[in-house]
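Here's a quick briefing to read alongside the model. Have the sequence and the 3D view open as you go.

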Amino acid sequence: MLRRIGAAGLRHKGKLAIWVALCLAAAAAYVRTTPPTYTAAATVLLEPRRQVPSVAREVAAPSSLDLNAADSELQVIRSERLLSTVFDALALSDHPELGPQPPGLLQMLTSRARDFLRSVWTTATGAARAGAEASLRVDPRRNAFENFARRFSARRIGQSYVLEIAYSSTDPELPARIANAAASAYLLQSVAFKADAARSGAEFLQGRLDALAAQVQAANAAVRSGALPAQPIPDADARIIGAAQAPLGPSAPRGSLILAFAGVFGLLGGVFVAVLASVFDRRVRHPQDLPRETGLACLAVIPEITGRRRQGRASAFDSAMLVAREHAGFFAAGIRDLATAIEIAWATRRSEDSPVVAIGSWRAGAGATLLTMNLAQLLHHRGRRVSVFSADASSARGEDGGPAGPSLTDVIASGSTVQAVFANIDGVRLLPIRSATPELNRFVDFRDPRAGLVIAQARQRGEVLIDLPPLGESSDAVALATHADIVVLVAAEGVTSYDELNDALGVLQRAGITVIGTVINRGRS
């Protein structure tokens, strides 16, 4: 599995690099366009203590807290009553950050779509339109308070009695003021309740009342100033153990973390997509997969020639001579493997005659012509006489460089009046299959006995190779293949699919034609 993942990543390394670069660019754009957010937090320790009641109606505080009581105090801090106290005390209703913000592109598109749908469904009656307009009216203060509440947070640290009150803002000075004010408001709310309880008694100690009043005044002043009380508040059953400080730097966005996440996400996501694409990729890539997918053996793998990646754009003569070039070592080795595989397959038939070998593919561009011509050159350099029937008319030229003589189609169409005249390409006899007259190509029947006679005459002279037209374009290729003893299918790596090979194999087998195997051509010719 790891090898397949690695192979898929290497196969799509260009696309994978582009995807990772796009993820990093998107993350960098997000970091640069997102305004920095500053966060400050104040911590409060719940510290209940038993007090001696000053009057009969004042109830003593419990000596300890349980976890449920701590969670209840946390909800008190999050309550709208306490948040409203802080919001009003600091006059935040007019703060620009909490006011209406210009919508982004996505919000703008969503709003327009929502308005369009609303207008379609509310045009029936005037009352519906009036109700829609009323629903669009928003209280500015309420909207600012909701924005304020979304930026406010309170949580309990672990299982302790320490509560953390935090606020996030793009203003670096505002978070500490609001966090401290919220902590002071919590103390104010707690001590004010005790002051009211003491004040409501019929008998109380003046000193106790004065102390509670002083604590209330100190806490109230702290809330209004966005700071902590100037004096201790012992009767609040809580103690502030950490004041919110002005943040030294933004807490968001965390650029390095976002970029690292984008890089890892891009890499893993790209590899996952590459592996997924490889799983559903039905194109021919590995020789060992051919027997499993098609039942055909891989006769040879023809690699690209170093420095000649554009083999398909080479001239006909250059393409036919690739096997003889000095820099074509691996390419020539692949052609030799193909020739050896054909000889071994034919030797199993115990026949002394040279076989008529047809080489073809399901569609054009797989490189059947290139392999046929170079196989012919290899056999010629081994001292054999080779005749080639070529489906590529441009590759058939006379010895003087001019057009060759009549084609196989011309011989069939003319009866016995025209003789087959083979062109000579560096020692290889070549006869084009198609005629230069389009009308003749339209009505020719390659099952005609005259076609078999021409091929039999060529066989008497030596080796015969037939360059088949694409099997998926017409039935002419199958008709020509009936004159061959064995057929070799060509698959272009990364282009030809296993389904195309199976279709070609099925067409040939239904006609009773023997297919000995497949050649993987990486030349993309």
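Asp426 is partly exposed, at a relative accessible area of 35% (buried is under 20%, exposed over 50% and partly exposed in between, with a 1.4 Å probe and protein chains only). Keep in mind that this is a predicted model, where local features need pLDDT of at least 70, side-chain atom pairs count only at pLDDT 80 or more, and totals for chains, interfaces and linings use all residues. Residues are numbered from 1 along each chain as its sequence is written, and side-chain values use heavy atoms, with hydrogens and water left out.

**Confidence**

- Mean pLDDT comes out at 79 for the protein, and 79% of its residues reach 70 or more (pLDDT is the predictor's confidence in each residue, from 0 to 100).
- Over residues 127-136 pLDDT stays under 50, and the model has 5 contacts beyond four places in sequence for them (contact means heavy atoms within 4.5 Å).
- Residues 398-403 also stay under 50, with 6 contacts beyond four places in sequence.

- Asp426 has a positive phi of about 50° although it is not a glycine, and sits in the loop between β8 (423-425) and β9 (428-432). Helices (H or I, at least four residues) and strands (E, at least two) are DSSP runs, numbered from the N terminus.
- Ala91 is another non-glycine with positive phi, near 55°. Its place is the loop between α4 (80-89) and α5 (105-121), and with a relative accessible area of 55% Ala91 is exposed.

**The sheet**

- The open sheet has 8 strands in the order β5-β12-β11-β6-β10-β7-β9-β8, with mixed pairing (two strands pair if DSSP finds at least two bridges between them).
- β5 (298-302) and β8 stand at the edges with a single partner strand each, so one side of each has no neighbour in the sheet.
- On average, neighbouring strands of this sheet are turned by 25° against each other, direction ignored. For such values, axes are lines fitted to C-alpha atoms, for helices over the stretch in contact, and angles run from 0 to 180 degrees between N-to-C directions.
- Helix α13 (residues 329-347) packs on the sheet and touches β5, β6 (356-360), β11 and β12, with its direction at about 165° to that of β5.
- β11 (residues 486-492) and β12 (residues 515-521) run parallel and are joined by 6 bridges; Ala491 stands opposite Ile520 in β12.

**Strand β6**

- 5 of the 5 residues of β6 are buried, so the strand is largely enclosed by the rest of the structure.
- Both faces are covered, with Val356, Ala358 and Gly360 buried on one side and Val357 and Ile359 buried on the other.
- β6 runs parallel to β10 (residues 463-467), joined by 4 bridges, and Val356 has Val464 in β10 as its bridge partner.
- β6 also pairs with β11 in the parallel sense, over 4 bridges, and here Val357 has Ile486 as its bridge partner.

**Helices α4 and α7**

- α4 packs against α7 (residues 140-151) at an angle of about 110°, with the axes 11 Å apart.
- That makes the two helices roughly perpendicular (angles under 35 degrees count as roughly parallel, over 145 as roughly antiparallel, 65 to 115 as roughly perpendicular and the rest as oblique).
- On the α4 side, the residues in contact include Leu83, Val86 and Phe87, and on the α7 side they include Ala144, Phe145 and Phe148.
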